[in-house]
Amino acid sequence: MQESYCSEHSSYGLENHGLTNLNEIFWNLPTTRLYEKILTRGEGRLSHLGPIVVRTGHHTGRSVNDKFIVKEPSTQQDIWWGDVNPPISEEYFDQLHKRMAMHLQTQDVYVQDCFAGADPKLRMPVRIITQYGWHSLFARNMFIQAKPEEIRRHVPEFTVIDVPRFHAAPSLDGTNSETFIIVNLRKRLILIGGSSYAGEIKKSIFSVMNYLMPKRKVLPMHCSANIGPDGETALFFGLSGTGKTTLSADASRTLIGDDEHGWGKDGIFNFEGGCYAKLIRLSPEHEPEIFSTTRRFGTILENVSLDSCTRMIDLDDDTFTENTRGSYHISAIPNASKKGIGGHPKTIIFLSADAFGVLPPIAKLTIEQAMYHFISGYTARVAGTERGVTEPSPVFSACYGAPFMPMHPMRYAELLSEKLMMHGSQVWLINTGWSGGPHGVGKRMPLNYTRAMVNAALDGTLNDVATEKEPFFGLHIPKHCPGVPDEVLIPRNTWPNPADCDAQAEKLARMFAENFQQFADQMTPEVLKAGPSL
């Protein structure tokens with residue numbers, strides 16, 4: 001076994017993870033050294049101005065049917081088992097682990113020792129062991145880098161072993177396919193095989209944080225966060241394609257993070273040290289901060305089109321996937337927070353891309369409505385976010401991140417309610433989807449209107465504006481908002497035939513109610529009443 005001591009090195013060796021007889025171990029290589037490995041080993045190509053362009057093969061998004069949690073006595077009572085959190089036995093996990101370790105014998109591996117969580121009191125030491133150099137660079141971008149003196153005494157609380165070239169045998173290993181992402185909470189170990197999509201690394205650690213943090217009275221959140229010039233923190237919840245990253249990367253505000261956060265007793269803190277932005281048809285006019293990262297050394301561009309001669313990238317080309325991605329360290333955003341922490345949020349925004357065209361572009365929520373919509377997590381799934389999705393379709397994802405929530409959604413909603421009441425935060429529901437008709441008939445809400453509504457919510461302009469109660473969802477819609485025509489605020493006013501809008505609204509309201517039945521047994525009467533009125 002050879003060791004590559006390019007930087008500081010932990011004494012906690014890889015034999016602790018069952019890995020022996022390896023070839024060369026590249027410990028905590030910095031970005032420049034990783035570039036050398038990636039390029040010389042043919043894992044990626046250098047693009048104009050410095051980003052690395054990589055291909056992830058047939059997995060261009062998360063493999064949602066291949067994620068499992070090991071079912072074992074010490075944690076099984078905590079998990080909300082079902083389609084979102086399917087179980088796998090300890091025996092299957094152990095045999096996969098052993099065969100994966102055998103597969104890695106005599107091979108090179110890369111190690112990054114880092115942290116999840118910017119709050120020094122709550123952060124979790126993690127270790128990311130990868131087969132590819134570009135996955136090690138991804139980990140270096142996305143997690144919080146340890147200082148040299150911290151690396152020397154680094155002992156991971158959770159470890160990821162990511163081996164894309166190792167495949168499961170479903171009939172032997174209890175998996176659904178050759179691909180697997182398995183979390184073992186007792187052994188504090190995650191195995192990933194059969195997929196080169198780097199997002200699996202990031203989201204598996206997020207799932208772990210969503211299990212551990214509530215036990216410490218911290219609300220884990222799939223959201224972005226930023227701080228205004230007045231020092232007030234704001235949160236943006238929403239699934240991919242709703243505008244979460246775009247709306248939080250505002251040049252006038254300080255970015256805390258774009259995707260994963262915790263809300264503890266001292267305020268908000270980022271789980272990550274980087275961003276993982278969707279890039280398809282990215283606009284330098286509308287999203288200048290994110291666009292600039294695609295022309296920067298250290299950025300990884302996943303499945304982005306690259307001219308083989310000029311090495312120029314084409315962000316409008318969806319040849320490989322709609323889900324093109326950019327991974328970059330958060331320092332690439334000029335106005336990003338160096339500490340990754342903020343105060344308790346004054347304003348919280350739930351983003352939804354409504355394909356039916358009936359949710360109002362902005363509405364003020366009560367605490368009970370906030371819990372209901374948080375648990376519902378409605379949006380329209382944008383093409384390319386997951387494999388096989390080629391056009392927008394309505395979807396509910398509890399807590400705006402169901403695949404990453406190991407426990408029952410009510411556990412997270414109760415924590416949210418406690419935080420809202422304790423700190424007086426106001427929640428707004430903003431629809432970035434369609435207006436004037438459903439998808440295919442109406443038009444997507446203009447970004448400048450959405451920004452105007454977000455700004456008005458953030459600066460308090462809408463706090464005392466008169467509202468109109470929407471009849472199907474009971475939402476309180478502001479009658480006026482600076483920068484937005486009054487008629488746009490009321491959905492049925494934008495439809496050629498208001499009766500058609502009512503019919504679609506009733507249809508969507510019934511979908512909300514039907515979806516919520518799976519949670520009804522653990523809901524309070526107040527939360528149930530906060531849903532649509534049928």
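Start by selecting helix 1 (residues 31-40) and helix 3 (residues 133-142): their axes come within 8 Å and cross at roughly 155 degrees. Keep in mind as you look around that this is a predicted model. Angles over 145 degrees count as roughly antiparallel, so helix 1 and helix 3 are roughly antiparallel to each other. Helix 1 passes helix 3 in a left-handed crossing.

Now show the side chains where the two meet. From helix 1, pick Thr-31, Leu-34, Tyr-35 and Ile-38; from helix 3, pick Gly-133, Trp-134, Ser-136, Leu-137 and Arg-140. Color them by type and you'll get five nonpolar, three polar and one charged.

Next stop: helix 10, residues 409-423. Which residues of helix 10 are buried? Select Pro-409, Met-410, Tyr-412, Ala-413, Leu-415, Leu-416, Ser-417, Lys-419 and Leu-420. Then bring up what covers these buried residues, including helix 6 (199-212), helix 9 (367-376), strand 13 (219-227), strand 16 (260-264), strand 24 and strand 28 (426-431).

Last, hop over to strand 24 (residues 345-352) and click on Thr-347. Is Thr-347 buried or exposed? It counts as buried, because its relative accessibility is 3%. Apart from neighbours within four places in sequence, Thr-347 is in contact with Thr-233, Ala-234, Leu-235, Gln-426, Trp-428, Ala-457 and Leu-458.

Technical notes:
Residues are numbered from 1 along each chain as its sequence is written. This is a predicted model: local features need pLDDT of at least 70, side-chain atom pairs count only at pLDDT 80 or more; totals for chains, interfaces and linings use all residues. Side-chain values use heavy atoms; hydrogens and water are left out. Helices (H or I, at least four residues) and strands (E, at least two) are DSSP runs, numbered from the N terminus. Buried means under 20% relative accessible area, exposed over 50%, partly exposed in between (1.4 Å probe, protein chains only). Contact means heavy atoms within 4.5 Å. Axes are lines fitted to C-alpha atoms, for helices over the stretch in contact, and angles run from 0 to 180 degrees between N-to-C directions. Angles under 35 degrees count as roughly parallel, over 145 as roughly antiparallel, 65 to 115 as roughly perpendicular and the rest as oblique. A crossing is left-handed if the near helix is turned anticlockwise from the far one by less than a right angle, and right-handed if clockwise. Ala, Val, Leu, Ile, Met, Phe, Trp, Tyr, Cys and Pro count as nonpolar, Asp, Glu, Lys and Arg as charged, and the others, Gly among them, as polar. The expected span of a helix is 1.5 Å times one less than its number of residues.
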